[in-house]
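Subject: Structure handover

Hello,

Here is the structure for you to look over. My notes follow below it.

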Amino acid sequence: MVGVFAGTALLLAMAGIYGVIAYSVTRRTREIGVRMALGASPTNVLSMVLGQGMRTATIGVVIGIAGSLMLTRTMQSLLFGVTATDPLTFAAVALALAAVALLACYLPARRATRVDPMVALRHE
């Protein structure tokens, strides 16, 4: 049961990150078009959008780990077969969240690389 809820939470996190980054790319279409018109390569645009998303995700993971470390006394009675501060568990969860965030950021970033500079500049 816990695994089902954890999987659901992971999917919701992925959808949320995707939504925020996709909205950001949509709002910045004109800026991305100008960057590409001035010579930015699709690789530069991809790394810019991925960097923005992963920076935000990293901050969230760090805050989450700090919060969970503060709540270890509360969680100790709920855990079975693992300690509340198990470094392997913390590392696995952090890596899983980073991988999900990378996937959720990659899709809008790939779309940003396909922005046609002329269409973006004429947009408004």
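Arginine 35 and glutamate 31 sit 4 residues apart in helix α2, about one turn of the helix. (Helices are DSSP runs of H or I, at least four residues, and strands are runs of E, at least two, numbered from the N terminus.) Their side chains form a salt bridge at 2.9 Å, N to O. The cut-off is a side-chain nitrogen of Lys or Arg within 4 Å of a carboxyl oxygen of Asp or Glu. Shared partners join Arg28, Glu31 and Arg35 into one network. Its other link is glutamate 31 to arginine 28, at 3.0 Å, N to O. The whole structure has 2 salt bridges.

The model is predicted: local features need pLDDT of at least 70, side-chain atom pairs need 80 or more, and totals for chains, interfaces and linings use all residues. Residues are numbered from 1 along each chain as its sequence is written, and side-chain values use heavy atoms, without hydrogens or water.

Arginine 35 is partly exposed, at 39% relative accessibility. Glutamate 31 is partly exposed too, at 30%. (Buried is under 20% relative accessible area, exposed over 50%, partly exposed in between; 1.4 Å probe, protein chains only.)

Next, helix α3, residues 42–70. Its 29 residues should span 42 Å at 1.5 Å a residue, and the end C-alpha atoms are 42 Å apart, which agrees. The expected span is 1.5 Å times one less than the number of residues. Buried residues of α3 include Val45, Met48, Leu50 and Val61. The buried residues of α3 pack against α1, α2, α4 and α5, with contact meaning heavy atoms within 4.5 Å.

Regards
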